[in-house]
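Try each one before you read its solution.

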Amino acid sequence: MGIPLAWLQLSRERMRLLVALAGITFADVLMFVQLGFRDALFEAAVLVHRKLRADLVLINPQSQAFFAMQRFPRRRLYQALSLPEVASVAPLYVDLMPWKSPVCPPTPTATSCTRSILVMGFDPAVSVLDFPEVEANLAQIRQADVVLFDRISREEFGTEFILREFASGRPVQTEVNKRRVTVGGLFELGASFSADGNVITSDLNFLRMFPGRQASQIDVGLITLQPGADVEQVRAKLRQLLNTELKIPGQFLCQGATGASEFANDVCILTHDEFVELERHYWATGTAIGFIFGLGTVMGFVVGIVVVYQILYTDVSDHLAEYATLKAMGYTDGYLLTVVFQEAMILAVLGFIPGFLVSHGLYALTQAATRLPIAMTLGRATTVFTMTVVMCFVAGAVSVRRLQAADPADIF
């Protein structure tokens, strides 16, 4: 009797039902968008980190994010080669540099031909990035002033023109930091909140583009271990060798052993997973972006509660006489509460479906416009559905107070 009764009460006022579903759909879309942007932020921020081939990573303790790494002496990385468990080491240079679009202006709305792009440089003799297209073009970046361009960079870099010219076999030339370069190949990485485009080249080309940089000062040190080597044991040996300590007190900060050597505070030893988590931690807590998206999700949740509460409260008020009759017939408050909760569950399911479909379309539209890795996932859909059910149940629990206070003698 419960579910048919709940549905009959909801469907009796169809306009009210449609308004309720529209409100829940809006709340779900808001939560989906906020969570989607937040997850896209985190995923885009660690795309490069996940592709790095390294078991251990050396960074400056003051480094907080990949786009603004602090430098440290390259010799600290090469000291690791003294350990028999270390198979190879590779320095990585990273910096934002001005890229001049080969098409000026690159888009009808662009105000400048120059835009900052993330440039990564490494020795092509040691492959450090797990990109098949980069592997296939290592010989290209060995040549002077040749770079690989991210094919899904934003259009402001002249991406469409570069792809068209490259596909036709015509050479593509432009400028990076006012130095003439040639696009010798393409790869696929994608934009992030810190960089709208990416370029890969050799360490020598990187230093040519950035004449103010010293080769002895690197941004990231990548350490690959011998097969079967224990990462934690090797890290303990490295801490002793480099006279440094790793402390992660919830903030992923490194602190050296005081007075151990002149280099005691200049390096931090992280595992590959910790290096990924360091970047996530920065965007989640070191900037206002993570908080803003979290607040937007909470606001969507609250909006949904208010909408559902208004609908259920009005429904209970309009049918108060019927509820009182049922109480007079012997139905308990618990049974009537169940009916209201069933209404809330029906609203949650019916409101979630269009919210899911609309959000799926918005994700596709956002990905096409921003090149961010945003897509619908089972985990996010489950999270939003759970929040929708809780949202409707909370609203139902609040609205049913009027029903519990109803006395059949007063009603009649």
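**Exercise 1.** Leaving aside its neighbours within four places in sequence, which residues is Asn-198 in contact with?

*Solution.* A quick note before we start: this is a predicted model, where local features need pLDDT of at least 70, side-chain atom pairs count only at pLDDT 80 or more, and totals for chains, interfaces and linings use all residues. Numbering runs from 1 along each chain as its sequence is written, and side-chain values use heavy atoms, with hydrogens and water left out.

Step 1: take contact as heavy atoms within 4.5 Å. Step 2: skip the neighbours within four places, and the list for Asn-198 reads Ile-117, Leu-118, Met-120, Leu-148, Phe-149, Asp-150, Ser-153, Phe-187, Leu-189 and Gly-190. Step 3: zoom in on Gly-190, whose backbone oxygen lies 3.0 Å from a polar atom of the Asn-198 side chain.

**Exercise 2.** Work out whether Asn-198 and Leu-163 count as buried, partly exposed or exposed.

*Solution.* Step 2: Asn-198 has 3% relative accessibility, so it's buried. Step 3: Leu-163 comes in at 28%, so that one is partly exposed.

**Exercise 3.** Find what Leu-163 is in contact with beyond its neighbours within four places in sequence.

*Solution.* Step 1: the contacts of Leu-163 are Arg-151 and Leu-186. Step 2: follow up on Leu-186, which sits 23 residues from Leu-163 along the chain, with 8.5 Å between their C-alpha atoms.

Note on methods. Buried < 20%, exposed > 50% of the residue type's maximum accessible area, 1.4 Å probe, protein only. Polar contact = N/O pair within 3.5 Å; in protein donor to acceptor, adjacent residues only side chain to side chain.
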